[in-house]
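Please look over the sequence and the model shown below, and keep both at hand while reading the report that follows.

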Amino acid sequence: ILPFGRGSGEGGDAQPTEAERQVWEKVNEVLREAVHVLEDLQSYSGAGEAIRQAIQHPNEDRMQEKAWSAVRPLVFKLKKFYEFSLKLEGALHGLLRFLTSTRCSPTQHLEQEQALARQFAEILHFTLRFDELKMTNPAIQNDFSYYRRTLSRMRINKVSSEEESEVNNELANRMSLFYANATPMLKTLSDATTKFVSENADLPLENTTDCLSTMASVCKVMLETPEYRKRFASEDTVLFCLRVMVGVIILYDYVHPAGAFIKSSKIDMKGCIKVLREQQPNSVEGLLNALRYTTKHLNDETTSKQIKSMLQAN
């Protein structure tokens with residue numbers, strides 16, 4: 001029923017064709033790693049207490065060492081997450097090349113290449129889940145800031161540290177920019193989609209925007225139609241569908257010159273926001289925030305007052 005659903009009977013068992021296999025296998029590897037990245041992020045508790053003690057007792061070496069040894073392994077995790085975002089970008093490019101080719105229409109692509117459409121949906125689901133977890137975990141930026149401050153102090157005091165080879169200054173700067181973003185993985189995907197469009201100038205832009213708008217409308221219809229909705233295996237499937245819908249809206253808003261909110265947009269924004277508003281508020285607040293704060297065109301003059309007020313925080 002859903003070309004990129006989850007689980008049996010929801011399009012979750014689609015197998016790649018021979019032509020798709022190479023791309024599918026590469027992306028599958030990335031998606032397998034995504035599971036561990038989310039687990040690591042979910043259990044990320046930060047070094048807040050050790051850092052507080054170190055700052056309060058600046059002359060006690062034992063406290064400094066304790067904070068440093070608490071922060072180091074966490075920063076290696078953050079480095080792993082950042083490096084994973086680069087792999088995600090590569091995976092997305094491979095999928096878009098397939099799903100936007102001029103061989104057939106976007107709807108036919110999603111029907112005929114279900115295994116790849118499913119992977120694209122999985123990437124979007126991961127991205128929004130990652131950003132939801134990151135947004136609610138201030139420890140990430142605090143830990144990283146402390147790490148950088150300590151490292152530069154070591155440099156000034158000429159204390160050699162093997163960390164330099166692990167996270168050199170250039171990498172630390174890139175990681176800093178990545179984590180400074182409220183939704184770093186979405187930013188990665190939006191930039192990657194924009195880059196894909198500009199690098200494939202011979203490909204009509206509609207191929208990409210139509211692929212995204214078709215996915216958005218499939219998700220919306222699945223969520224708002226009771227007979228489809230009741231076939232969902234669990235609440236997880238509903239959330240999966242919501243995340244995919246929001247993800248494609250944001251990508252569309254980045255690559256379409258006029259964005260997703262304009263009257264002539266191929267995405268029914270009012271319908272999509274209405275579907276979000278009808279869910280349990282605590283389960284979709286992160287998704288509404290993603291539309292409020294990470295889209296490109298929401299605050300344009302061309303966006304109707306109605307859409308803006310629908311997205312206002314209560």
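## A buried glutamate

E89 is buried, with a relative accessible area of 19%, where buried means under 20% relative accessible area, exposed over 50% and partly exposed in between, with a 1.4 Å probe and protein chains only. This residue lies in helix α3, which covers residues 61–99; helices (H or I, at least four residues) and strands (E, at least two) are DSSP runs, numbered from the N terminus. Leaving aside residues up to four places away in sequence, E89 touches T188, A192 and K195, a contact being heavy atoms within 4.5 Å.

This is a predicted model, in which local features need pLDDT of at least 70 and side-chain atom pairs count only at pLDDT 80 or more, while totals for chains, interfaces and linings use all residues. Residues are numbered from 1 along each chain as its sequence is written, and side-chain values use heavy atoms, with hydrogens and water left out.

## The chain as a whole

The secondary structure of the chain comes to 15 helices and zero strands. Buried residues make up 52% of the 314 residues, and of the contacts with a separation of 6 or more, 75% are between residues 24 or more positions apart.

The C-alpha trace spans about 65 × 50 × 40 Å along its principal axes. For 314 residues a compact globule would have a radius of gyration near 20 Å, and the 21 Å of the chain agrees with this; the radius is taken over C-alpha atoms, and the globule rule is 2.2 Å times the number of residues to the power 0.38.

## Helix α13 and its cover

In helix α13, which runs over residues 269–277, the buried residues are M269, G271, C272, I273, V275 and L276. The elements that cover these buried residues include α10 (205–224), α12 (235–255), α14 (281–294) and α15 (305–310).

## The largest cavity

The largest cavity has a volume of about 40 Å³. On a 1 Å grid over the protein atoms alone, a cavity is a set of points where a 1.4 Å probe fits but cannot get out, and lining residues have an atom within 4 Å of a point; the volume is the space filled by probe spheres set on the points, which are joined across faces, edges and corners.

The lining consists of L128, D131, E132, M135, T183, G286 and A290. Helices α5 (114–135) and α14 each supply at least two residues of this lining, and α5 gives the most, with four residues.

How values were computed:
1 Å grid on protein atoms, 1.4 Å probe; cavity = no way out; pocket = protein on both sides within 12 Å on 5 of 7 lines; lining within 4 Å.
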